[in-house]
Amino acid sequence: MQAKHMPAVPAASVLIGMHTQARDYRRLLLLEEHMARWTHHQRTSTTLSSASSDEQSKPPVKSSLIQELTKATKPYAHLMRMDRPIGTYLLFWPCGWSIALSADAGCWPDFTMLGLFATGALIMRGAGCTINDLWDRDIDAKVERTRTRPLASGQISQFDAIVFLSAQLSLGLLVLVQLNWQSILLGASSLGLVITYPLMKRVTYWPQLVLGMCFNWGALLGWCATQGTVNLDACLPLYLSGVCWTIVYDTIYAHQDKLDDLQIGVKSTALRFGENTKAWLSGFTAAMLTGLSAAGYACDQTLPYYAAVGVVGAHLVQQIYSLNIDNPSDCAKKFISNHQVGLILFLGIVLGTLLKSEDTKNQRRSSTAAAATAYVPLPQSKPDVIS
């Protein structure tokens, strides 16, 4: 049996086949390598994303603590009116006026005292707001502008507010005891006005008068703190001027709530003056300027002081005669602008006191020269000789 003859395969074909198989094998290896890289990438991405999600799921301890503290203290800051510092400014300025007026000729006011009184104004203004809101929590809930206050809206309980008030008064006492004992007694004597003021709107149309007596106590206390006594020639007209000023700006403030006050039965000078508000406020402005002039005269003040008094008068006149008592926004704007009144007068007092040194020296020279001119030597008689 003869063997079957197999056709011969050319060598070139064999080589081409081997090359093709090698190329396919390399492609397979590259594909496996790409698959391995892709699998590794997916595993890495999954690990990172899971780690990231774990980190995000963990609560930020420090940030959360700050948020909780902010949330807890915000109602108390609102109770103190920290968002409305105008009340602190208005309480401080009479103190600043008195301290600056009591400075020696040619000297700056006592900056330590100014700092103490500024701190005290911040604390006691907050305490006054807490007392006011404790008395008025039921009334505030019925007034559009005040119904969001912490006590009226229930954010703070009455007990918590009383505890907070105790802390405020303790801090105020801590500031007060830094002064001399005369000032401690004088400052403590104003606490009755602070507590009873919120009740005045229930019994009289002149609660702004009582507020003025309370808010301007610093006009007496500032001088006493620096000098150990109260110079009534200077401090009394300054105090009465401050009371008149308070009646002006707080009457403007009260016009914001007059419609609600009428419905509730609360009294104010805004309701008492009514359509004659501008005439009444003009009279109190004139009384204020007269008192300031008298205080300056008692302190031998100089030109910058009286110039400041003139600017203050112009500022108040502009306030009054551009006032729209039926526009709450305009009333609020005019009320807030009284911060400028206090600052202008303070700067006038400081500059006037600094210039007093030269005037005092000139006055002394003049008086010395006049005394020397008026001096007439007496003739000297010879002693009698007894013979």
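Tutor: The buried residues of α10 pack against α3 (86-101), α4, α7 and α11 (232-254). Helices here are DSSP runs of H or I with at least four residues, numbered from the N terminus. Contact means heavy atoms within 4.5 Å. This is a predicted model: local features need pLDDT of at least 70, side-chain atom pairs count only at pLDDT 80 or more, and totals for chains, interfaces and linings use all residues. Residues are numbered from 1 along each chain as its sequence is written, and side-chain values use heavy atoms, with hydrogens and water left out.

The buried residues are Gly 218, Ala 219, Leu 220, Leu 221, Gly 222, Trp 223, Cys 224 and Ala 225.

Now the pairing with α7. The axes of α7 (residues 181-188) and α10 (residues 218-227) come within 8 Å and cross at roughly 165°. Axes are lines fitted to C-alpha atoms over the stretch in contact, and angles run from 0 to 180 degrees between N-to-C directions. α7 and α10 are therefore roughly antiparallel (over 145 degrees). From α7, Gln 182, Ser 183, Leu 186 and Gly 187 make the contact; from α10, Leu 220, Leu 221, Cys 224 and Ala 225 do. By class, that contact has five nonpolar, three polar and no charged residues. Ala, Val, Leu, Ile, Met, Phe, Trp, Tyr, Cys and Pro count as nonpolar, Asp, Glu, Lys and Arg as charged, and the others, Gly among them, as polar.

Just after α10, Gly 228 takes a positive phi of about 80°.

Conventions. Helices (H or I, at least four residues) and strands (E, at least two) are DSSP runs, numbered from the N terminus. Angles under 35 degrees count as roughly parallel, over 145 as roughly antiparallel, 65 to 115 as roughly perpendicular and the rest as oblique. Buried means under 20% relative accessible area, exposed over 50%, partly exposed in between (1.4 Å probe, protein chains only).
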